[in-house]
Amino acid sequence: MFNIGWPEMVILVFAALVILGPERLPGAVRWTAQSLRQIRDYASGATSQLRSELGPELDELRKPLEELNELRRPLNELRGMTPRSMVTKHLLDGDDSLFTGKFDKPSSISDAANYPQPNDYSPPPPPKPLARNEKPPIDFDAT
């Protein structure tokens, strides 16, 4: 409900200790727990009273709400998707090489068997470093 972890809880307790002081802190904690318990009792009492008064009519009211929730499920699945991921998932079967430009690597293990494996390729040797006071070669096509 609130997503409060231990670090946040420690900060809240420390802030309450500073604001309320050590004398009033136990009473404030007791009052808060009592209020939460009372609110929970009111909510469960209202729910049980509604069920007892409506009886089977409550189930009839719940059916349209459940149908609406069923219709909302696909929207929740699409909420985190971007247009790129939707196209990738539905039209390209998850192969995103069209967008990334990495056509040489297969996108899945099943596609890896269909790709030819390079066997005799070796990268070109690195160029030798320039000697002291030696000018680098000029590439007139690049300038």
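Five helices, zero strands: that is the protein's inventory. Along the sequence the pattern reads α-α-α-α-α. Helices here are DSSP runs of H or I with at least four residues, strands are runs of E with at least two, and numbering starts at the N terminus.

Ground rules next. This is a predicted model, where local features need pLDDT of at least 70, side-chain atom pairs count only at pLDDT 80 or more, and totals for chains, interfaces and linings use all residues. Residues are numbered from 1 along each chain as its sequence is written, and side-chain values use heavy atoms, with hydrogens and water left out.

Now the surface. The protein exposes about 13,800 Å². Carbon and sulfur atoms supply 61% of that. Areas come from Shrake-Rupley with a 1.4 Å probe, and for residues only the protein chains shown count as cover. How many of the 143 residues count as buried? The share is 3%. Buried means under 20% relative accessible area, exposed means over 50%, and partly exposed lies in between (1.4 Å probe, protein chains only).

Go to the start of the chain. Which residues form the nonpolar patch on the surface? They are Ile4, Trp6, Met9, Leu12 and Val13, with about 550 Å² of accessible area together. Patch members have over 30% relative accessible area and no salt bridge; nonpolar side chains (Val, Leu, Ile, Met, Phe, Trp, Tyr) are joined within 5 Å, like charges within 9 Å. A salt bridge puts a side-chain nitrogen of Lys or Arg within 4 Å of a carboxyl oxygen of Asp or Glu.

Ile4 sits in the segment before α1. Its relative accessible area is 43%, so Ile4 is partly exposed. Leaving out residues up to four places away in sequence, Ile4 touches Met9 and Leu12. Contact means heavy atoms within 4.5 Å. Val13 is in helix α1, residues 6–54. Val13 counts as partly exposed because its relative accessibility is 46%.

Further along α1 is Leu20. Leu20 is partly exposed, at 27%.

Next, charge. Glu57, Asp59, Glu60, Glu66 and Glu67 gather in a negative surface patch. Lys and Arg count as positive, Asp and Glu as negative; His and chain ends are not counted. Each charge is placed at NZ of Lys, CZ of Arg, CG of Asp or CD of Glu. Glu66 belongs to helix α2, residues 56–78.

Last stop: Asn133. Asn133 is not a glycine, yet has a positive phi of about 65°. Most residues other than glycine have a negative phi. Asn133 is exposed, with 76% relative accessible area.
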